[in-house]
Amino acid sequence: MDHDGHPDEEEIAFGSVLSALADPLRRQVVMELALAPAGTERTCVSFGLPVSKATLTHHFRVLREAGLIRQVDRGNSRAATLRREEIDRRLPGLLDLVAAEKAST
């Protein structure tokens with residue numbers, strides 16, 4: 001794990017990823033990033049989640065610690081990008097399944 005709380009690729013664990021994706025709001029974040037062009041970077045508030053700032057911080061921490069996203073500081077906010085290549089190597093097909101959920105709703 002690096003100093004910002006991002007696990008190394010080999011530390012990304014199936015159970016942690018599934019636990020993070022069990023929450024519908026976190027799954028929505030991953031879905032939106034999975035459907036966006038590779039390398040898309042978005043601020044946490046840009047997802048418009050109906051939660052307090054503290055809860056928003058919690059959700060993004062869970063996603064970061066599971067290895068689904070990488071966060072970088074952008075002044076007074078943080079931006080998130082999907083760790084698409086690493087997730088595809090560790091858990092092939094997972095992001096396709098998450099993205100496909102959008103099509104079925």
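Let's start with helix H2, residues 24–35, in this predicted model.

Now look at where H2 begins. There, Asp23 points a side-chain oxygen at the backbone nitrogen of Leu25, coming to within 2.8 Å of that nitrogen. And which residues of H2 are buried? They are Arg26, Val29, Val30, Met31, Leu33 and Ala34.

Next, let's bring in a partner, helix H3, which covers residues 53–66. The axes of H2 and H3 come within 10 Å, and they cross at roughly 65 degrees. That crossing is right-handed. If you want to find the contact on screen, pick out Leu25, Arg26, Val29 and Val30 on the H2 side. On the H3 side, go for His58, His59, Phe60, Val62 and Leu63. What kinds of residues are these? Six are nonpolar, two are polar and one is charged. Arg26, Val29 and Val30, which we met in this contact, are also among the buried residues of H2.

Last stop: His6, which sits in the segment before helix H1 (14–21). Is His6 buried or exposed? Its relative accessible area is 2%, and buried means under 20%, so His6 counts as buried. Who are its neighbours, leaving out residues up to four places away in sequence? His6 touches Met1, Arg64, Ile69, Arg70, Gln71 and Arg83. With Gln71 there is a polar contact too: the His6 side chain reaches the backbone nitrogen of Gln71 at 2.9 Å.

Conventions: Residues are numbered from 1 along each chain as its sequence is written. This is a predicted model: local features need pLDDT of at least 70, side-chain atom pairs count only at pLDDT 80 or more; totals for chains, interfaces and linings use all residues. Side-chain values use heavy atoms; hydrogens and water are left out. Helices (H or I, at least four residues) and strands (E, at least two) are DSSP runs, numbered from the N terminus. The expected span of a helix is 1.5 Å times one less than its number of residues. Buried means under 20% relative accessible area, exposed over 50%, partly exposed in between (1.4 Å probe, protein chains only). A polar contact is a pair of N or O atoms within 3.5 Å; within protein, one must be able to donate a hydrogen and the other to accept it, and residues adjacent in sequence count only if both atoms are side-chain atoms. Contact means heavy atoms within 4.5 Å. Axes are lines fitted to C-alpha atoms, for helices over the stretch in contact, and angles run from 0 to 180 degrees between N-to-C directions. A crossing is left-handed if the near helix is turned anticlockwise from the far one by less than a right angle, and right-handed if clockwise. Ala, Val, Leu, Ile, Met, Phe, Trp, Tyr, Cys and Pro count as nonpolar, Asp, Glu, Lys and Arg as charged, and the others, Gly among them, as polar.
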